[in-house]
Amino acid sequence: MAEQSRRVLLEGTDRVIDTDPGETLLQALERLGYGMRRSCCNGVCEICEVSLLQGELHQRYPERHLCAPPPGAAAGEIFALACTSVPLTDVSVKIKGLKLPGEVVVKKLNCDITSVEVLNRDVYLVRLRLPATASLALEFQAGQYLDICLPNGKKASFSIASAPELERMLELHIRLQPDSEMSCAVMAHLQQEKTVEIEAPKGVCCLSAAALAADDRLVFAAASTGFSQIKSMVEHLLARKVQNQIRIYWGARDAADLYQLALPEQWAREYPNVHFVPVVSEPELSPDWVGRTGLLPQAMLEDMDHFADTHVYASGSPAMVYALLDACEEHGMGAEQLHSDVFAYAPRPVK
């Protein structure tokens with residue numbers, strides 16, 4: 001039967017979605033902003049299992065022709081893997097834990113602190129392991145953040161630096177600020193305790209490879225430890241093997257603050273669609289620096305000849321993000337093309 005667009009009734013909701021010809025159930029759901037449990041996306045892990053109630057599916061791997069029993073028939077449930085199953089007819093499926101577009105389930109979880117590593121003079125790489133129990137699993141999108149919850153009830157927010165594809169492992173990049181009581185308390189807990197409570201996921205500045213159009217051009221702008229949020233998004237895109245053009249700009253006062261410089265340099269070497277530009281704003285602090293200098297917005301605009309089909313993701317201080325927005329708008333970019341959590345937690349006063 002030739003592949004064509006099909007309708008999918010999502011049992012338990014009032015929603016019906018349309019698949020594109022040859023598109024799997026998972027691809028269609030993620031393209032439209034739905035969320036469900038999934039991992040390998042090639043039919044091996046079986047995490048994305050759904051129940052087929054009506055219609056027929058072609059499961060590409062493990063290869064099977066799946067047909068729901070007729071109404072009233074005495075038969076067990078028919079299960080399919082959403083990541084490799086393409087509808088052959090209009091179908092009805094039941095998906096446990098399906099999240100509607102925009103729906104976020106924030107959880108409190110107790111994580112193991114597996115390592116705390118010094119990256120430079122004041123930035124630490126913290127690795128956390130999520131609970132193994134399936135009911136406690138955390139589902140997040142690349143670019144979201146979490147809160148670390150201290151025993152005294154205080155919370156501190158940090159971008160998740162790892163991609164969702166790492167599943168149980170979370171990575172954080174935390175700058176120690178000696179003059180901040182909260183910063184010192186967070187680092188003391190992470191260095192001295194075996195576990196930490198987190199609250200996640202949070203944040204709306206995130207992306208999904210499945211939602212990208214083929215001609216979308218992606219530009220990432222990070223200042224200092226804002227690189228952690230950008231790292232999550234870029235590693236997600238690379239894990240999904242996207243072919244979209246990716247430009248990464250990482251700005252810092254001096255070269256020492258580019259604490260993982262070798263990593264984006266490796267991306268640019270290994271992936272032809274990735275271009276990386278580090279920028280140092282105060283080169284007098286780094287006499288051996290031979291790369292780009294100046295302000296990050298200036299470096300971006302020197303390279304950008306147009307903003308058509310471009311999405312800019314910015315991670316840094318409110319001052320940096322708004323300076324970038326103003327500079328890009330002056331060169332023809334629409335405000336809706338720039339995405340940042342700054343717009344939510346530090347909205348600019350109405351002029």
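Author: The lining of the second largest pocket divides into 13 nonpolar, 14 polar and two charged residues; here Ala, Val, Leu, Ile, Met, Phe, Trp, Tyr, Cys and Pro count as nonpolar, Asp, Glu, Lys and Arg as charged, and the others, Gly among them, as polar. The model is a predicted one, in which local features need pLDDT of at least 70 and side-chain atom pairs count only at pLDDT 80 or more, while totals for chains, interfaces and linings use all residues. Residues are numbered from 1 along each chain as its sequence is written, and side-chain values use heavy atoms, with hydrogens and water left out.

The second largest pocket holds about 820 Å³ of space. Its lining has 29 residues, and Ser 157, Phe 158, Ser 159, Thr 225 and Tyr 345 are the closest to its centre. A pocket is an open set of points on a 1 Å grid over the protein atoms alone, where a 1.4 Å probe fits, with protein on both sides within 12 Å along at least five of seven lines; lining residues have an atom within 4 Å of a point. Grid points are joined across faces, edges and corners, and the volume is the space filled by probe spheres set on the points.

Strand S12 (155–159) is among the elements that give two or more residues to this lining, and S12 provides the largest share, four residues. Helices (H or I, at least four residues) and strands (E, at least two) are DSSP runs, numbered from the N terminus.

Ser 232 sits in helix H3. Ser 232 counts as buried because its relative accessibility is 0%, buried meaning under 20% relative accessible area with a 1.4 Å probe and protein chains only. The Ser 232 side chain reaches the backbone oxygen of Ser 162 at 2.9 Å. Beyond neighbours within four places in sequence, Ser 232 is in contact (heavy atoms within 4.5 Å) with residues including Ile 160, Ala 161, Ala 163 and Pro 164.

Of its 29 residues, Phe 220, Leu 237, Ile 246 and Ile 248 touch the most other members. The largest share of this core, six residues, comes from H3. Leaving out residues up to four places away in sequence, Leu 237 touches Phe 220 and Ile 246, among others.

Note on methods
Buried < 20%, exposed > 50% of the residue type's maximum accessible area, 1.4 Å probe, protein only. Polar contact = N/O pair within 3.5 Å; in protein donor to acceptor, adjacent residues only side chain to side chain. Core = buried A, V, L, I, M, F, W, Y, C linked by side-chain atoms within 4.5 Å.
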